[in-house]
Structures are given as structure tokens and as C-alpha cells.
Amino acid sequence: GQIVYSIAEETERGASVGNIAKDLGIDAATLSARKFRMITGSSKQYFNINASTGALSVNEPIDREQLCELKSVCVLNYELVLENPLELYRMEFKVLDINDNSPSFPLSEYHINMPEFLSPGARFTLPNAQDLDEGANSVQNYTLSPDEHFYLEMQIRGDGSKYPELVLKKALDREQQATHRLVLTAKDGGNPPKSGDVRVIVTVLDTNDNAPEFEHSVYRASILENSPSGTLVVQVHATDLDEGPNGEVRYSFSNTTSADLQQMFSIHPHTGEVRVNGVLAVQRPLLEMLIEARDNGAFGMSSTAKLLVEITDVNNHGPEITITSLSSPIPEDAVPGTVIALLSILDKDPGENGKVTCQISENLPFQLKPSLQNYYSLVTSELLDRELISEYNITITATDLGSPPITTQKTVWVQISDVNDNPPVFSADAFDVFVEENNPLGAFLYQVSASDPDIGENGRVSYMLRNSTVAGSALTSFLSMNLANGSIYAKRAFDFEQLRSFYFQVEAKDSGSPALSAAITVNVYISDQNDNAPAILYPTSQNGSVAVEVVPRLADEDYLVTKVVADDEDNAQNAWLSYHLAHSSDSTLFQLSPHTGELRTTRSMRSTDFLKHKVVVVVRDHGDPPLSSTVTVGILLADTLPQALPDFDDSGEPPPLLNATNIYLIISLACVSFIFAAFIFFLAIIRL
């Protein structure tokens, strides 16, 4: 259950509030046994319960203003807990306000300044009093001590709150009474009521009826443009016939003076000295400012004077070069007169100091042309060549006509873009390639090289073989080429005996658009290898038979038996032939010329000489290693040509008496004879 109690604040300790047992219908005798407890969220225990009777009393006085401050309703919540059985009761204590606080003002006195020229009906807000009590115990009304010049009126704000206003009832006269002392009283609605007072002191101010007057309505001054900060420009002066603060004059720039001028100049508020306050960054030769002189009256009066400051120009600004447009890179084939950049050249100085001349170096293929006012065009004056110069640093020099003149320079970096205007160039007028015959397939022969001074794709060179024929066959059947690096490879083995030299053309082409190309002739010379043995042309044999030469029976010394004729298809020393006797049936009878191949007799023939002779001739070239061929010549000693030629398959010499076979037979026969004799001798011995 829940029960609500009301209790006035500041109720003394021990005062009875009620009987919790009766109010909740609980047997008071069971409170202790059921272990009753009062639970609250407050830091203080304001109430107490008698365990025997259940009486509820004040444990500590309550200050409503301290507990609930400005809340309109002040409530304390408690919970009563009982055990066996467990029960929970809520108790609410409403703390009632009593008039225990008087109204008070924040300050002990208030001061109000009123000019004497104010008309009746002028209003001035008075301070509000504060009362910590609530409702009827708070501030209810205000009263003002009697005065013939003032009365009090209450005003209501938008939120319904009231505040007092002091209303002027009769015009003031400072000369008759300079100060009025009033008492403002605030009363609450308590019983008995309480009140609070505050003194209100009204000071009547003198009327400021004279404005300051300048000595001159217009002040003129002249300063140099580069005058440093603090330079005195002019000193103005104004007088005010009033006295006191109404006659004290302060100087300042009028609000109509532009903010930038107020930053460039400063004026001393008391002396009227106008000085330079910073850099005189102006483009106008004459500056106009309004200076205000205001007195220190409550309602200060003022007057203005005009200040004209003439700025004498000093050549302190150099020309400013601004690149408003730049085309870079530009193609190297740009025609003369092509616009590269648009420049703006400006000098902030006026007159002659602001006139500018502009130029660039004479050794450049560019020139400056005046365009619009203060604008120049940078154009090409000659043809460009990127391969000679790929970029230019163009220094633009601008000089004004001041004294002394000021010069400004700005560098423009212009890149030249490549145009495919250069064909590839070979490193030689022609290339000679030497290759040995019998080369392996795919053998590297040569690498042609061409350069292109262009860059990028315009300078990337590729190579190809121009169509042609070699010995009746397509060139591509002999050679192949690497398109990227110009390497040439053999697709077949060359034979010096069939093809000793040939030529072809290689074309180098860049990748520009349109592409440019160049061609060069490559001469291929095939060098000989000793791959052919000498071929014996004479004497010749048929069907493997021996060639036969007939020599007179009694031929003289140095008789020409025959001449061995041979040929070698190789070249040079590989074809140089020499002749040698490899075998002769009679080495003393014949000799062979090593250079001519002539076979001659070394002596006159004798009747005792054998009729058949056989000679083996070796023909050898001078290659490395050398190759050779042999021919067997049969020589028949006869005065007439026989009808049938004898057989020269034998040695052509009489058989020796003791050759190896005969020796073996003799030894065998001797051994058999010895064994037979020994056997007979053995039989004879046995018989005897």
C-alpha cells in the first residue's frame, strides 16, 4: 500500500507526524518481530518510527529551500519493509513551504545615469528581488519611496513574470538637483509578510549640446609610396566648447572610410596624428578619408573632416610575369609563327614606372610579339629540330621604365616533341659478310645496325630482307633475319664450289606514321674449305683396271713416260696440288715432278730391265688437313703396242728366291728330314 503525509518545513525534532501502524492497519506489537526498516534515497534520515507504538515523528528538521531548491513541489519518498511475511509499503512526505525567507536584491544599491534632456515618460528597468520561498510566500509586489520626479510601474514579460520599471514623471534639472536617492522595497505574501530594500541612486547628467569643430574642413597631405610604418601624415585638431567629458575630443576614422584604408593608416585618438600603419598597397594616387571627432559625452556629439592624401609613386614594384597559357611540348615540325605561350606582364606602379619592355635572348628560335594590352605572345621564329635541341629554357626579361628600372625574369620550359622526320641510318654504306662453306644450319652470319635519331615509336627500328633471288632461288631460302635486332642467320649450308658470293638488300624501317625506311646492300663472300680431294683427270682407269703406259724398250734417260693431270675444285691453297710417288716397282728407274706431275725415266733402259713396272702416284692438295687421291700406272716396256695388254695386278717384279713362304717350306722340309734321319738312326741302334 501507499500513504501520503504532509509536513511543514522547519518542524522541530520529535514532532508527531502520524502513526504508521494505525494508518497502514498493522499490529504495532509485531513491528520489532517483523524487523521493520525504513529505506530512503536521501542522505539524511528525517523521520523516525517508534517500534512499540508505531508513532511516526520528526527525526531532523527539514529545510525545504535546501532540499528542493526552486521546485514547486517538494516530496520525500520512503519505503517500509516488513518480514515474515515480506511486505513493502510506500510513504510519501510532502514538505510544505513556510515564509521563512525575506526578499533580497543581488546588490546593496543600484546607480542609474539620466541625461537632463530626457522627456517625462522615459523608463528604466529596476532590478528584481529574489525570494527562496514559493507561491504566496515569494515576492508579490514592489514599492518606491515617494519622489516628485519618479514613479514605479510593474511590467509583465512574455512568460508572465513581473518586473519593476522606474518611470520619469517630471523633467530633470541637473543644476537644481544632480542626484536623486530612492528606496525600492520588495514584499512577499507571507503571514506576516516579509520585505527587502535596495537603494536606487539616480545621477542627472549634463546635456552635451556642443559638437567638436575641426580647424579645417579639408586636410591635405602628400607622402611617398614607400613611406615606412609610423611616418606622420598630418595632425588634425578639433575643439569642443563643452566642459568635462562633453568637451573631451576623441579622433577616429569615420565608418564610411574603407577598411583597407583604416588598416594602412592609424589615427591617435587624443592627439589627432595620422600615421602610416603598414605597406601602402594602393593603386590610386589620391586617397580620401573622413576623420571623425567625437566628444566623451553620454550621448557623444561628433563632426567630420575630409583628409586627402596624395601618394607620390616610387618605383617599388617590379613587373609581374604571368603565364596564362602554355603549349608544351610542341611538335618539331611547327611552322614559324606558331604560338607557344600567352604572357601577361603587369607593373603595379602608375605612369612611367608602370610601363614595361619585354624581351628574350636573340639566339633562340622564338620571339615575343605584343598582343592585347599588357599581353605578349611567345611564337616560333624558325624551324625546330628536336634531334639537335630537345628542349629550351626561355628566359623572359621584363624591365620597367622607372628610375632606377626594376627587372624581372621568368623562365619558360618548352619541350620539343618528336616528329618522324628522320629515316633510319645504317652505320656503313655497305656490309661485307664472310662465311665459310659447309656452315651449320642456323649459323649466325652478321648483325646489321641502323640508328634513328627520332624517339619512341618514331625511333624504333625493325629490319627485313628485301625480296630477291640468289642462284635462281628465293633469298629467303638462304637466309633469315631477326626483325628486332637485325641479326642474319643461314638457313642452309653454303658450297663454295657452287656459289662463291652473292648480295642482297636489308631494309630498316621505323615505326612512325608514316614510316620511313632505308636500305643497304650486304655482300656475302663464301670462303673455301678443303672439302674436295684432287680429281685425277689423266691417266684414267676403266672398270678398276690399271692405266697402262707403253715405253720404248730402250728409252733414253729423262724420257717422258706420262703426265699425271689432276684438278681440285677447291680454291687457293686448297687447290694447290703436288705429286708424289707412293710406290714404284723400281725406285731407281722412274722419277715424278712434284709440281708438274710428269713421270720420267731416271736412266736409259737396259735389256735386263723387267718388261712390266707399276707406279702408284699420290696427288695431294695443300689444305688443312690436306686431301689426296692416288692413281696406279702400269708401265710396259715394248717397242710396239701389243695386241693384248698384260695383267698388272701382280707386283710387276720377279719373285724373290727367299720370300717368307719359301723360307717356311725350307725350314719345314729340314725339320722333317732331321726327324726321319733320327728315326732311322734309332731303329738301327735297336736292331743292332
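A disulfide is a pair of cysteine sulfur atoms within 2.5 Å. The legends below describe a predicted model.

**Figure 1. Cysteines in the predicted model.** By that cut-off, a search of the whole structure turns up 0 disulfides. Cys358 is buried, and its relative accessible area is 16%. Cys671 is partly exposed, with a relative accessible area of 41%.

Figure 2. In an unreviewed entry, UniProt places the feature "transmembrane region" at residues 663–686. In the model, residues 663–686 are 100% helix and 0% strand.

**Figure 3. Helices, strands and overall extent of the protein chain.** The protein chain has 4 helices and 51 strands. Its radius of gyration is 71 Å, well over the 26 Å that the globule rule gives for 688 residues, so the chain is more spread out than a compact globule. Along the principal axes, the C-alpha atoms fill a box of roughly 205 × 105 × 45 Å.

**Figure 4. Contacts and surface of the protein chain.** Of the 688 residues in the protein chain, 37% count as buried. The chain exposes about 38600 Å², and carbon and sulfur atoms supply 51% of that area. Contacts are considered here between residues at least 6 apart in sequence; of these, 66% join residues at least 24 apart.

Notes. Residues numbered from 1 in each chain as written. Predicted model: local features only at pLDDT ≥ 70, side-chain atom pairs only at ≥ 80, totals over all residues. Heavy atoms only, no water. UniProt positions renumbered as here; feature names shortened; annotations may be inferred. Helix = DSSP H or I, 4+ residues; strand = E, 2+ residues; numbered from the N terminus. Buried < 20%, exposed > 50% of the residue type's maximum accessible area, 1.4 Å probe, protein only. Rg over C-alpha atoms; globule rule 2.2 N^0.38 Å. Contact = heavy atoms within 4.5 Å. Areas by Shrake-Rupley, 256 points an atom, 1.4 Å probe, with all protein chains shown as cover.
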